Structure formats: structure tokens, C-alpha cells
Amino acid sequence: MNTARKRVLLVDDDPDLLRLVALRLTSAGFELETVNSGPAAISRVSVFRPHVVVTDLRMEGMDGLALFDFLHEQYPTLPFIIMTAHGTISDAVSATKRGVFGFVSKPVDKNELVKLVNQAMRIGLTSGVTVDQDAWRQHIVTQSPLMEELLSQANRVAQSKASIFIGGESGTGKELLARAIHEVSTRADGPFVAVNCSAIPENLFESELFGHRRGAFTGATRDHKGLFRAADGGTLFLDEIGDMPKSFQAKLLRALQEMKVRPVGATDDEPVDVRIISATHADLDKAMAEGNFREDLYYRLNVVTLMLPPLSKRPEDIPLLAMHFLRDLAETYGNRVKGFSPEAMECFVNFEWPGNVRQLRNVVEQCVALSSTPLIPVTLVQRALRDEPASFLSLQEAREQFERNYLIRLLQMTNGNVTQAAKLAKRNRTEFYRLLSRYGMNPSLFKSSDVAP
């Protein structure tokens, strides 16, 4: 197996064993990162992006299984191999049920370890994102662990034929993700056709999607092949599927089951070969309960679900996205604006962004258009945000907002030192890590410099 660019994160608090196992894996051709504790491993995962984690079971503080449990919440497809001289058969069975890929016993046999890592790589390479793979996701700007895990899942499912449903709030970038999935799939050379179901009049749905023959109805002056056949050999993205009229849903279900469409005015079906990706911000469970969306169609579309997190759940992406949009818009507005003042950027980070990434881009564009200085001042950002529609948070949303901002302030005060932050919060370190995981926060992003563990 070619091991070039195949990354392994090795975790052990025994420096001699860490050095020995590192030498064995390096000599086998793997790219290696070594750390001596669970917290250090957590801080390196989002930066190093390993394809496989090899960790000792017994370690001070956070042991191997605790490390697995913590990272598995954010990276459920990342394979773990645990080294142990203390484990029992019951331990191995229990851990395997929880999702651990495999075990190796100490003293570690090099051939056994390399064989197991290679086996795990077959999973990990579809989960990790290498430099060579980045082209498909180049338009998705993120450093969020939540988004990185979502993109890993998207990359993996893109290689299958399964229909994909993308959920998430308006403005989170569902079409952008759908295009990225198309680009990394085996259908990348075929067309990508996007359909906004909410923009099609009910009486034109069948004609728009399935096509029509000339003379089929008043105004049909020529044949129209329809969007299904326009996407033949590629991907058809059905956006806002929740707005599709009930009268058309049965016809769509039949087309998906048989992969055939019948144009309006035709007597014969025509075969099509399309991959369906659908999306909506609507609550389809509620729509099904109210009888407005067919349950059988829902399960036909929703083979694999990918949920885009709202921007409020990925605050570490706000400065990154703001600067990305600023650079993108600077050319349009004459390259006058170079950045944001620190106070302006703080204002961006503390805002809730109910309209998500789309709203952020609109606010940045307003600031760029109106700014008369190279650095956008906080007053301009505040003015732009006041123009945005106000939103009233639920009690749960308000509680989550407070917790998230509280954690951000703690990590900023302690320069990303989790031990110090946990003490200030009067919580043990494991519980504090769970809180960070809930909000997708990586402590290493709050360090003033990238210090190797």
C-alpha cells in the first residue's frame, strides 16, 4: 500500500515507547505526528488532520478510551487503534462496540501494527482531507471541526450512489455543499443542475422537471427536455424540496424508483441517470405529520443526511469568512478596504447571525461599500448590524449563546489553556472538554502562537 501522505497521530505518555513506535511507523512510510497526552492530541487533530489515531490505553489524566469518546463525537469516521498491555477481552469487545477500529498488544509487533494501520487507512483516507483533495471543497471556507467532520462525511458518501439530503438553516450554504459533493463524486464530469422548488409554479412542475413535447399545452411551441434529462450523467440538486406541491410528489417518487421520466404530452418513458441531492430549511418531520409531504418520498430522498451547522455553532469561522468576503469584494469596490479594526471584528464574532453565512456576506459588502478608510471601523459594522432584522431567542438558544460566549472568553483569557480555563469555570477537565466539544471549539485556535505539544 502506498503510504505517501498518509497521516497517523500517535499518542502515548511513555516517551520511550512513543519514540520506538514512532520509528516503526515512520520507517513504514507514514507521515507521523506524536503527542504525549489526550489533551495534546485533541489540540492537534484539527490542524494535522490524521487519517488514523494510534493511542495508548493507560495514560495519566485522559486515557485512550476517554480520548476516543471525546474525538468520536466530532470525528465519527476517524479510525482509532489502541495499544495496551492491560486490556482484557471484555475491554476490547466493549470498545469495539463503541467504534474503536482495533487493538494491538504490548510489546507492539511492528508487522502487526503496520498491517492494522493500513487496514484502518482504507477508512481513514475517505475521512481525512489531503492537499490533493482540496480542490473539490475550495469554495467552502472553514477551520471549524464541525465543518471539517461534515466535509469528511460528504467526501465519503459522495463516492456512493446514495441519495443525499442536506438539512440546515437558510443561508448556511446548502447548494455550495451540494456542488462540492458533485465535484468529488464519480459524476464530476457530468452536469450539475440546481432546481429551486419554491420558485416553480405548481402547474409547471412536471414540465420543468420531466420536460414536454411541442403542442402538449398552450405555449409549448417546442420540445423541452426538462431538468432531469438536462442532468443526465450528473447530479440534480432539488433545493427547498419541502416547498414541492403534494400533487407532484407521487410522480417524483415514481421517477426516482424507476429512473425514468415521461415528458408532458409523450406516451413513452425515457431513462435517466442522475444522482439526487435534496435540501430544505423546512421541518419535513412536521410536514409529514401534517400530511403535506409523502413519507415514502422522504425516505427515498433521505438515504444519507448531512446537517449544515448554523454560523452561531462555528464562531471560529466568522473572522475567516469575514476576511474572505472582504478580499473577494475589494476588487469590486476598488481595493480600498484592507481589513477590519479589532473592535469591528469583535463585533462580528459576538453577533448571533440568524441569517448565517449569507447574512455575514451581506453585512461585509455593506461595510466595504460604505467604508472610507482602509480598516473598517466598529461604528460601520454596528450600523450595518442594526439594519438587520432583529430576532428573539428562545430560552434554550439564549442559554446556548451564553455558554458559547462564556467558553470563548475563558479560552481567550487563558490563551487556550484548558486546565486553567476548567479551573476558572470550576469544572473538571473532562467535563470542560465535553462542553468545548458540544460547541465545536478547538482550544488550539485560541493560542497566540502554534506551539507544538
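Throughout these legends, buried means under 20% relative accessible area, exposed means over 50%, and partly exposed means in between, computed with a 1.4 Å probe on protein chains only. Helices (H or I, at least four residues) and strands (E, at least two) are DSSP runs numbered from the N terminus. The model is predicted, so local features need pLDDT of at least 70 and side-chain atom pairs count only at pLDDT 80 or more, whereas totals for chains, interfaces and linings use all residues. Residues are numbered from 1 along each chain as its sequence is written, and side-chain values use heavy atoms, with hydrogens and water left out.

View 1. S1 runs parallel to S2, to which it is joined by 5 bridges, and the bridge partner of Arg 7 in S2 is Glu 31.

**View 2. The open sheet that contains S1.** This sheet has 5 strands in the order S2-S1-S3-S4-S5, with parallel pairing, where two strands pair if DSSP finds at least two bridges between them. Its edge strands, each pairing on one side only, are S2 (31-35) and S5 (102-105), and the twist from one strand to the next averages 20°. S4 (residues 80-84) and S5 run parallel and are joined by 4 bridges, with Ile 82 standing opposite Phe 103 in S5. Helix H1 (residues 15-27) lies across S1 (7-11), S2 and S4 and runs at about 170° to S2, whereas helix H3 (residues 64-74) lies across S1, S3 (52-56) and S4 and runs at about 170° to S4. For such angles, axes are lines fitted to C-alpha atoms, for helices over the stretch in contact, and the values run from 0 to 180 degrees between N-to-C directions.

View 3. The peptide bond from Lys 106 to Pro 107 is cis, with omega near -5°. Pro 107 is found in the loop between S5 and helix H5 (110-127).

**View 4. The open sheet that contains S11.** Here 5 strands follow the order S7-S8-S11-S6-S12, with parallel pairing. The edge strands are S7 (192-196) and S12 (304-307), each of which pairs on one side only, and the twist averages 20° from one strand to the next. Between S8 (residues 235-239) and S11 (residues 275-280), which run parallel, there are 4 bridges, and Ile 277 in S11 is the bridge partner of Phe 237. Helix H6 (residues 145-158) packs on the sheet, touching S6 (164-167), S11 and S12, and its direction makes about 155° with that of S12. Helix H7 (residues 174-184) lies across S6, S7, S8, S11 and S12, running at about 150° to S6.

**View 5. The crossing of helices H13 and H14.** H13 (residues 317-330) and H14 pack at an angle of about 120°, with their axes 9 Å apart. That angle makes H13 oblique to H14, given that angles under 35 degrees count as roughly parallel, over 145 as roughly antiparallel, 65 to 115 as roughly perpendicular and the rest as oblique. The contact, meaning heavy atoms within 4.5 Å, is made by Ile 318, Pro 319, Ala 322 and Met 323 of H13 and by Met 345, Phe 348 and Val 349 of H14.

**View 6. The two sides of helix H16.** In H16 (residues 378-386), Leu 380, Val 381, Ala 384 and Leu 385 are buried. Seen down the axis of H16, these buried residues fall within an arc of 135°, so they line one face of the helix; the arc is that of the directions from the helix axis to the C-beta atoms. Thr 379 and Arg 386, on the other side of H16, are exposed. The buried residues of H16 pack against helix H14 (342-350), helix H15 (356-370) and strand S14 (375-376).

View 7. Asn 356, although not a glycine, has a positive phi of about 60°; its place is in helix H15, and at 1% relative accessibility Asn 356 counts as buried. Asn 415 is likewise not a glycine and has a positive phi of about 60°. Asn 415 is found in the loop between helix H17 (395-413) and helix H18 (418-425), and is partly exposed, with a relative accessible area of 36%.
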